Amino acid sequence: MRHPPADLTPPTIAALGAALAEARSVRIVGTQSLASRTSPPPPGALVVSTAALTDLRIQPLDLIARVEAGVRLSELRRRLDEHGLVWPVERLEPGGTVGGLIASGRGSAVRGADAPARRWMLGATVLLASGEAIQVGGATVKFSAGYGLTHAMWGSGGQLGALAEVTLRVRHAVAADSAVADAGPHLAQVLASPHEVRADELPAGWDEPEWEAIAAGLPRVVSADGHRALIGCPNRATAEAVVSGIQRRGGCAVVDRPPAETPPRSDAWQPLRAALDPERRLA
């Protein structure tokens, strides 16, 4: 179920910051392409969208792209293709924005050599619950090294701040890059499943017998390069068994939380959350 934003299209980053500053509790959304996989905002929360933040600047000689959070992945791919470049990170689900992919953590590298996907994010402009904008990371790999806030934003689900703009590291496209994921007719079945497994870095040569041994009869969507997959599961026990089977065979897999569950709040984030959002306003 989509949650109607109170301010659907803030025209600038400054307007988004003002909306955050005026609310006691805030939920940040994008195009809401994953609304069915997220919990509803708390009662009384201001729901603010970043969908109108669509500025995109590519610096081909520097191999970076400065992208506002509302830029759609398809538009980023199209613009980079004009320069023979690629941001080697994709979601298996169709649609969505750059900010949504990073905040949800559902992006994976298009090739094993590109993993982990989060390394292709160099820096960001992050709006805190107070509306204050901070800059994290930088425009080069050297400046973005270390345990900074940049990579903490990956998969944070808006719990640390609102991504307004990100600096992405890009590379020259090669023939082995997968163009798009194989959405196929099974995607709706996967997303409608009570539980879902997201698999990354599947070993080369993974074929149908492997899937039959691990996830026989379960709906699944596999990327064009065969290294990523989403698998729909009827219950938690089945999902955990699928994860275990994938990990035993050398892949990486996690169980995505179902919509009814509370957003994850890692203990490792508590000092960071206390510093960035001491009043717990980001819902």
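Thr-97 is buried, with a relative accessible area of 4% (buried means under 20% relative accessible area, exposed over 50% and partly exposed in between, with a 1.4 Å probe and protein chains only). The model is predicted, so local features need pLDDT of at least 70 and side-chain atom pairs count only at pLDDT 80 or more, while totals for chains, interfaces and linings use all residues. Residues are numbered from 1 along each chain as its sequence is written, and side-chain values use heavy atoms, with hydrogens and water left out.

Thr-97 sits in the loop between strand S6 (89-90) and helix H3 (98-104); helices (H or I, at least four residues) and strands (E, at least two) are DSSP runs, numbered from the N terminus. Apart from neighbours within four places in sequence, Thr-97 is in contact (heavy atoms within 4.5 Å) with Thr-31, Ala-69, Gly-70, Val-71, Arg-72 and Leu-73. A polar atom of the Thr-97 side chain lies 3.5 Å from the backbone oxygen of Ala-69.

The protein chain contains eight helices and 15 strands. Of its 283 residues, 49% are buried.

Five strands form an open sheet in the order S3-S4-S10-S8-S9, with antiparallel pairing (two strands pair if DSSP finds at least two bridges between them). Strand S3 (56-59) and strand S9 (133-137) are at the edges with a single partner strand each, so one side of each has no neighbour in the sheet. From one strand to the next the twist averages 10 degrees; axes are lines fitted to C-alpha atoms, for helices over the stretch in contact, and angles run from 0 to 180 degrees between N-to-C directions. Strand S8 (residues 121-127) pairs with S9 over five bridges in the antiparallel sense, and Ala-124 stands opposite Val-136 in S9. Helix H1 (residues 13-22) lies across strand S4 (64-68), S8 and strand S10 (162-169), at about 50 degrees to S8. Helix H2 (residues 73-81) lies across S3, S4 and S10, at about 30 degrees to S3.

Elsewhere, S1 and strand S2 (residues 46-49) pair in the parallel sense over four bridges, with Val-26 opposite Leu-46 in S2. In strand S1 (residues 26-29), Val-26 and Ile-28 point one way and Arg-27 and Val-29 the other, and all are buried.

The structure holds zero disulfides, a disulfide being a pair of cysteine sulfur atoms within 2.5 Å. Cys-233 is buried at 1% relative accessibility, whereas Cys-252 is partly exposed at 35%.

Definitions and conventions. A polar contact is a pair of N or O atoms within 3.5 Å; within protein, one must be able to donate a hydrogen and the other to accept it, and residues adjacent in sequence count only if both atoms are side-chain atoms.
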